Amino acid sequence: METRIPAGDAVDLLGREGVGAPPARTEPLFGPSDASPFDDRAPLTPWVEAERWLTAASTVWLATVRPDGRPHAVPVFALWVDGALFVTLRPTSRKGRNLAANPQVSVIVSSEELELVLEGRAERVREVGALRRLTGVLAERFGWRLAVAGDGVVVDPDLPGEPEYGIYCVVPRVSFGFAGSSATRWSW
């Protein structure tokens, strides 16, 4: 599945349902039916804390599903831009081929303060203006300069053969966070 994000400011870039919006629901991860239920006194981690760690993360673990159903997890560059998570990968790689067959993903961010899992679907960004904005952020943050052609193809001109890359927006469905004694679920 591909996403065509209009060019322009952040509102245009993220003006899609479920992208860039804060979670609709924040609740304890464990409830009465769990072996160790949390009650309403359990601390919840605010989504802004999760966003802080997503912003700070330079790489995340991206888990995709192989065509035969087996999981595949690898680290990828990640960008948290205006409330949305973007990952960069080669469409011809194992993870790229997995996404072409099944866009469902899990993204894992780990730090000493917060363990975070974000589940949703990855949609390839094709709109030239959005790609230029995101590749600019990649260059600024990582020093990785990708080129965007007029047809929306992204390549690395510094590598032999100028391989193609895809930038994917992770559209969240649910996220889980573990911070100290807090286990929080966010839903969109």
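This is a predicted model: local features need pLDDT of at least 70, side-chain atom pairs count only at pLDDT 80 or more; totals for chains, interfaces and linings use all residues.

Reader: Why is Thr-45 called buried?
Author: Buried means under 20% relative accessible area. Thr-45 has 8% relative accessibility, so Thr-45 counts as buried. Its place is in the loop between strand E2 (25-28) and helix H2 (47-56). Leaving out residues up to four places away in sequence, Thr-45 touches Thr-26, Ala-179, Ser-182, Thr-184 and Trp-186.

Reader: What makes a group of residues a nonpolar core, and which residues have the most contacts inside the largest one?
Author: The residues of such a core are buried, are of nonpolar kinds such as Val and Leu, and are joined through side-chain atoms within 4.5 Å. The largest nonpolar core has 26 residues, and those with the most contacts inside it are Val-60, Leu-85, Val-87 and Val-107. At least two residues of this core come from each of H2, strand E3 (59-65), strand E4 (71-81), strand E5 (84-89), strand E6 (104-110), strand E7 (115-125) and strand E10 (164-179). Another core, of 18 residues, lies apart from this one, and includes Leu-79, Val-128, Leu-138 and Ile-167.

Reader: Which residues is Val-87 in contact with, leaving aside its neighbours within four places in sequence?
Author: Val-87 is in contact with Val-60, Leu-62, Val-76, Phe-77, Ala-78, Gly-166, Ile-167 and Tyr-168.

Reader: Which residues of E3 form its covered face, and which its uncovered one?
Author: The covered face of E3 consists of Val-60, Leu-62 and Thr-64. On the uncovered face are Thr-59, Trp-61, Ala-63 and Val-65.

Reader: How do you know that E3 is paired with E4?
Author: Two strands pair if at least two bridges are found between them. Seven bridges join E3 to E4, and these strands run antiparallel; by that criterion, E3 and E4 pair. Val-65, for instance, has Pro-71 in E4 as its bridge partner. The two strands form a hairpin with five residues between them, and Gly-69 in the turn has a positive phi of about 95 degrees.

Reader: What other strand pairs with E3, and how many bridges join E4 to E5?
Author: E3 pairs with E6 in the antiparallel sense over three bridges, and Trp-61 stands opposite Ile-108 in E6. Four bridges join E4 to E5, which also run antiparallel. Trp-80 stands opposite Leu-85 in E5. The hairpin of E4 and E5 has two residues between the strands, and Asp-82 takes a positive phi near 50 degrees there.

Reader: What does the salt bridge of Arg-173 and Glu-119 tie together?
Author: The side chains of this pair meet at 2.9 Å, N to O. Arg-173 lies in strand E10 and Glu-119 in strand E7, so the pair ties together parts that are 54 residues apart in sequence. Arg-173 is partly exposed at 47% relative accessible area, and Glu-119 is partly exposed at 22%.

Reader: Are Arg-124 and Glu-164, which meet in a salt bridge, buried or partly exposed?
Author: Arg-124 has a relative accessible area of 8% and is therefore buried, whereas Glu-164, at 32%, counts as partly exposed. Their side chains meet at 2.6 Å, N to O. This pair links distant parts of the chain, with Arg-124 in strand E7 and Glu-164 in strand E10, 40 residues apart.

Methods: Residues are numbered from 1 along each chain as its sequence is written. Side-chain values use heavy atoms; hydrogens and water are left out. Buried means under 20% relative accessible area, exposed over 50%, partly exposed in between (1.4 Å probe, protein chains only). Contact means heavy atoms within 4.5 Å. A salt bridge is a side-chain nitrogen of Lys or Arg within 4 Å of a carboxyl oxygen of Asp or Glu.
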